[in-house]
Structures are given as structure tokens and as C-alpha cells.
Amino acid sequence: MTHAARPLPTALLTEWGEQLDRVHPLPEYPRPQLVRSSYLNLNGVWQYAITPGGTTGGEAPGALDGYDGEIVVPFSPESLLSGVGRQVQPDETLHYRRTFHLDDDFSPADGRILLHFGAVDQRCAVEVNGVVVGEHVGGYLPFTIDITDAVAGRSHGAAHELLVRVTDPSDTTEYSRGKQQLDRGGIWYTAQSGIWQTVWIEAVPAAWVARLEYQANPMTGELTVTVHGGGALEQPATVRVIADGVVTAEGRAAAGHPLMLTIAEPRLWTPESPYLYDIEVEYGDDRVVSYTGLRSFGVGPDADGIPRLLLNGEPYFHAGVLDQGYWSDGLYTAPSDAAMVHDIRSMKELGFTMLRKHIKVEPLRWYHHADRLGMLVWQDAVNGGGRYNPVVITAPVLTPLRLDDRRHRAFKRTDAAARAHWRQELRDMVEHLHGVVSIAVWVPFNEGWGQFDAAEVTAELRALDPSRSIDHASGWHDQGAGDLTSLHVYFRRFRVPRRRPQTAHRALVVSEYGGYSQRLPEHSVTPREFGYKRFDDVDRLAAAFVRLHEEEIIPAIPRGLAAVVYTQLSDVEDESNGLLSYDRRVVKLPADVVRSVTERLRYSGRPAQIPPRGGSTEES
């Protein structure tokens with residue numbers, strides 16, 4: 001099947017895009033919770049080519065006779081900041097080439113050289129010095145390739161050649177794609193392809209720290225650390241917990257075995273006081289630094305028996321914003337580290353306490369900033385599935401509808417291999433983000449998009465991570481599982497529903513609402529305006545925002561509403577319903593108006609504390 005190239009939306013530079021260093025974009029260390037001294041960032045100017053003929057992998061990338069030009073990695077070719085500005089089609093192949101040099105720090109006598117990709121959308125094969133070193137399928141999670149043998153035997157300072165071949169079926173298969181769509185429009189955005197997170201190399205000794213796992217009990221100050229080792233050798237690991245530069249706990253355990261440490265006078269992590277402990281780990285010849293926080297999440301009753309979201313054992317209202325993570329110049333890739341900080345800090349300054357990361361997995365640095373700035377995160381899994389059935393996906397907006405999601409054909413989930421791959425991606429995402437301090441809720445499915453077997457998936461997710469709450473079917477097609485009764489309310493007034501006995505233990509949340517729109521032509525990339533209510537001036541928009549909360553949301557909190565997610569953080573292409581413009585240059589609602597509302601949300605969301613020993617909770 002031939003796919004014609006479609007025109008891309010007009011692009012707008014953000015202030016960070018204007019300052020982009022093409023040679024050294026996004027130079028920061030990409031993995032803040034596991035840092036070691038060896039580090040070579042490969043972001044920058046690469047060669048690229050787009051050729052006819054797609055493939056699912058299996059053959060070597062191979063060098064081309066010629067390339068189309070230069071591309072700035074890690075920006076996708078569809079983005080303005082990449083310097084390309086072209087849509088890669090499913091029947092095309094995207095080729096990358098660059099060379100790199102390794103200094104003495106990357107010549108361990110018996111260690112390994114690891115090549116890391118933050119994310120590549122969607123299928124890729126990698127070659128180093130003419131040797132195929134690895135392949136990967138999936139556009140949202142990192143992967144690592146051992147390239148030691150491929151770079152060995154070359155003289156010191158020699159150039160090494162790195163080739164990457166990528167194909168991206170986008171929304172033509174049932175594999176995960178998020179909100180990308182080749183025929184973009186409305187709530188579906190420009191499909192992007194290829195490398196979109198940092199590419200980097202590190203050297204590790206023969207035995208190295210591959211992963212750190214944390215479990216915290218803030219009430220007792222107990223912190224359990226598990227050091228997962230890499231390599232053929234196993235070594236005992238020494239772990240130190242450091243508070244304000246002073247070692248406050250220390251212990252030693254074998255790799256893969258939990259080590260429980262007790263922290264005297266524990267300082268808890270909250271959005272108001274996001275205290276983080278530094279961690280040092282010694283594992284054989286490996287030395288890494290990390291961090292964590294003492295906090296717990298769950299659902300339990302307040303003094304009136306109403307289920308609430310809990311933070312450190314106490315009810316805590318989540319005043320949230322939907323965060324798509326799209327940028328007017330970088331698409332999936334933020335133009336700089338400071339840009340990521342800007343989004344989180346802007347929402348915090350407006351009084352919000354939570355961001356729902358919507359249908360996207362961000363680079364680890366984004367979560368690091370949420371941890372240190374104090375912003376709760378609800379993390380969505382990335383959806384897949386076939387072309388959506390309007391009866392399943394659209395009708396519930398106006399009419400209550402609850403279908404059994406074991407009917408895979410109705411939910412366009414007939415491809416068993418794609419379902420299995422999605423479940424593996426869910427497991428990999430949870431492992432990848434498990435140590436993030438700020439993640440409070442997992443959201444496996446949204447509005448029926450690619451939904452299947454949600455009750456079974458929830459049970460598996462609970463086994464993987466019992467320390468967080470689960471919104472198993474955000475919006476509609478509730479299967480009776482998870483910790484939240486999760487509603488999306490756009491075209492009708494919100495009323496607190498009558499509690500059913502089978503779900504009385506779940507917290508009530510409005511996980512999407514609002515979406516009030518005002519288009520700013522000079523800050524828009526398309527001529528269309530998509531929103532759930534449209535306003536032609538800021539005064540009318542602000543008045544409607546206040547009225548919505550005063551009449552519908554705030555009165556519902558004492559009656560059981562435990563969290564809200566306003567749509568949305570920024571405009572995205574046709575969608576003009578953001579608190580910020582797409583280019584992040586305008587705060588579209590008066591900041592004092594938003595803060596007056598969020599202050600009342602947080603104040604109204606302070607019900608009486610749960611009894612010290614009362615009620616069943618699901619924290620850890």
C-alpha cells in the first residue's frame with residue numbers, strides 16, 4: 001500500500017527552540033537516578049536519508065551511497081528542530097549515520113561498552129562498524145545494546161561508524177502509537193518517527209549496577225533498596241543513604257537481594273516539601289549515585305468513610321492537569337531541559353499538584369524534575385489497537401455505555417501478537433519508571449482506546465507494583481477493577497454519581513474535564529479550533545473557568561470527589577484548549593484567576609484525617 005506524504009502543520013519556535021545548539025542539543029545526563037562518571041552524548045548533527053520501501057527488520061541497516069542531508073538528533077524528521085520537516089511514511093525507511101570516538105575512559109580492561117537509546121519510534125536495527133549489534137520494536141521505551149565487540153580492536157582515537165535504520169507503521173497496525181495519526185486532526189496529532197530521545201554511550205566494569213529498586217515506608221523511615229546487577233559476575237553491594245551531605249543509613253547485601261535500611265528522623269516527600277535523599281552504591285568496581293524519596297500512595301476512607309487518595313497515609317486532593325507532552329517545534333521532544341522544567345513549574349505556580357502524563361512516556365529527566373519540584377504524576381500507558389469503532393470510542397461521551405472489553409473485535413484489538421506486545425510494554429514501563437518518586441497512579445487504558453481485558457491487566461499491574469493506585473479504565477467502559485471510579489465530563493454537568501456497592505471502596509475522580517478553548521491565531525499552527533467550549537476573549541474564558549469550578553467541581557469534593565484532571569496544559573495543533581499556548585509563550589488564563597480556583601480545590605480537598613488505625617488502605 002502506498003502512502004502519500006501529507007503536509008505538516010506550520011511550526012512555531014518556542015523560546016528554547018530559538019536558542020537551540022544544533023551541535024549539542026539536550027546535553028544533560030539522561031538517567032538521573034543512576035548516574036556514573038563515564039558518559040558520551042551522541043545527540044547532535046547526524047546524516048539522514050528517507051528511502052522507498054519499509055521493513056519490519058531482520059537485515060543489516062547498511063551504509064547508503066548518499067544521504068539526503070543533516071538531521072539534528074534527537075528530534076524526529078517531522079519536527080522543525082530536526083531541520084528536516086518531512087513526514088516518514090509506513091512504506092519508507094529512515095536511515096541515520098554518524099561517527100563517534102572513544103577516549104581512554106571507554107577502554108575498560110574487562111568491562112563493557114553500552115549504547116543507549118532513550119526512545120526510537122518504532123522499529124529499528126542498529127549497526128556499529130559494519131556489525132549488526134541489535135534491533136528493537138516499540139516507540140516509547142529505552143533500550144541498551146552492548147557494542148563492546150563491535151568497537152574492539154581499533155586503534156585509539158579511531159572513528160567508529162554508527163548506522164540506524166528505522167521504519168514506523170504509525171497508526172496502520174495495532175501496535176502502540178499514542179495520539180499519533182498520519183491523517184492528523186482534532187485530538188489526533190502529527191505522527192513522528194525515528195530517534196526522539198537522547199542517544200548516549202557509557203563504559204561499565206565487568207560487574208555493574210543495571211537497575212536500582214526502592215520501596216519506602218515513610219511512617220517508620222524504612223527504605224528497602226535492591227541492587228540489580230549486570231554482567232556475568234555477581235558482587236555484594238554497599239548502599240549509603242545521604243541527607244544534606246551526611247550519611248544517615250548504610251548497609252550491604254548481595255545483588256538482587258533487598259536491603260532494608262532505617263532512616264532516623266525521616267523527612268517525607270510531598271508536593272509542598274519534595275525532600276529527596278541522595279543514594280550512593282558501590283558494586284565491585286562500579287560506583288553510581290542516585291536518589292529517592294520517602295512517600296506512600298494508596299486509597300482509603302476519611303473520617304466520614306469516604307474513599308480518598310492517600311499520600312503518606314493521609315487524604316490528599318489531586319488537583320491535576322492533562323499533559324500531552326507535545327511541543328510546537330520539537331513534537332515529542334522538548335527543545336531543552338529548561339523547557340521541561342518550565343511546564344512543570346508553570347503548573348505548580350498556578351496551584352496544581354498533579355500532572356497526568358497522557359498517552360506518552362517521557363525521558364527520565366522529566367520525571368526527575370517532577371520529583372525535585374514536587375509534582376504528583378499519573379502515568380498513562382501508551383495505547384494501540386486498530387481503527388477505533390465510533391460506537392465504542394465516541395458514543396460514551398454523551399451516553400453512559402459500559403461494554404465488556406473481552407470483546408476484542410468491538411475494541412479493535414483482534415491482533416493477539418499486538419496485545420501480547422502491549423502487555424510486555426506495560427511491564428517494561430512499570431520497571432523503567434518504578435523508582436520515580438512522584439508517580440502516584442498508573443493508567444493502563446483511556447476512553448476505550450485499544451482497551452482489552454482491563455480487569456486482568458489490572459491484576460497483573462497490581463502484582464508488578466502494589467505501591468501505587470490504578471485507574472484501570474479512565475473515562476468509560478469501567479470493568480469494575482482498579483482503585484478509582486474514573487469519569488470524563490465534557491458536554492454535560494458533573495454530578496456526583498450514586499455509589500454502587502461493588503465499587504464503594506474506590507475513590508471518585510474526574511480524570512478529564514473542562515477543555516475550554518480560545519484560539520490565538522499568532523500562536524497557532526493550524527487554522528482549526530478544537531475545544532469543548534469555545535470563547536472569543538479571555539474575560540469570558542476566565543469567567544467560565546471559575547463558574548465551572550464553583551458550580552460543579554468544588555461542591556462535589558465534600559461529597560466524595562477525590563481528584564480532578566483539567567484539560568489541558570497547553571494547546572496542541574488543532575486543540576486550542578490549553579492553559580498555555582502551544583509555543584508556551586502565553587499563559588492564556590489570568591494566573592491569579594487560576595490560582596484562586598486551585599487554592600479552593602486544595603482547601604476543599606482537605607477532609608478530616610483518616611483514623612490512625614481505621615479503614616483498609618492499599619499503600620506500601
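**Helix 8 and helix 9**

I began with helix 8 (residues 538-553) and helix 9 (residues 591-604), whose axes come within 10 Å and cross at roughly 10°. I noted that the axes are lines fitted to C-alpha atoms, for helices over the stretch in contact, with angles running from 0 to 180 degrees between N-to-C directions. That angle makes helix 8 roughly parallel to helix 9, since angles under 35 degrees count as roughly parallel, over 145 as roughly antiparallel, 65 to 115 as roughly perpendicular and the rest as oblique. On the helix 8 side I listed A542, F545, V546, H549, E550 and I553, and on the helix 9 side V593, V594, V597, R600 and L601, where contact means heavy atoms within 4.5 Å. By class, I found eight nonpolar residues, one polar and two charged in the contact of helix 8 with helix 9; Ala, Val, Leu, Ile, Met, Phe, Trp, Tyr, Cys and Pro count as nonpolar, Asp, Glu, Lys and Arg as charged, and the others, Gly among them, as polar.

I keep in mind that this is a predicted model, in which local features need pLDDT of at least 70 and side-chain atom pairs count only at pLDDT 80 or more, while totals for chains, interfaces and linings use all residues. Residues are numbered from 1 along each chain as its sequence is written, and side-chain values use heavy atoms, with hydrogens and water left out. Helices (H or I, at least four residues) and strands (E, at least two) are DSSP runs, numbered from the N terminus.

**Helix 3 and helix 4**

I next looked up helix 3 (residues 337-349) and helix 4 (residues 364-373), which pack at about 40° with their axes 10 Å apart. This angle makes helix 3 oblique to helix 4. Their crossing is right-handed; a crossing is left-handed if the near helix is turned anticlockwise from the far one by less than a right angle, and right-handed if clockwise. Among the residues of the contact I found M340, V341 and I344 of helix 3, with W366, H369 and A370 of helix 4.

**Helix 6 and helix 7**

I then turned to helix 6 (residues 416-433) and helix 7 (residues 454-464), where the angle is about 25° and the axes are 10 Å apart. Helix 6 and helix 7 are therefore roughly parallel to each other, and helix 6 passes helix 7 in a right-handed crossing. Here W422, R423, L426, R427 and V430 of helix 6 meet E456, V457, E460, L461 and L464 of helix 7. I sorted this contact into six nonpolar, no polar and four charged residues.

**Loops**

I checked V73 and P74, which are joined by a cis peptide bond with omega of about 20°, and I placed P74 in the loop between strand 3 (69-73) and strand 4 (92-100). A cis peptide bond also joins T567 and Q568, with omega of about 10°, and Q568 lies in the loop between strand 34 (561-567) and helix 9. I also looked at N129, which is not a glycine and yet has a positive phi of about 50°; N129 sits in the loop between strand 7 (123-128) and strand 8 (131-137).
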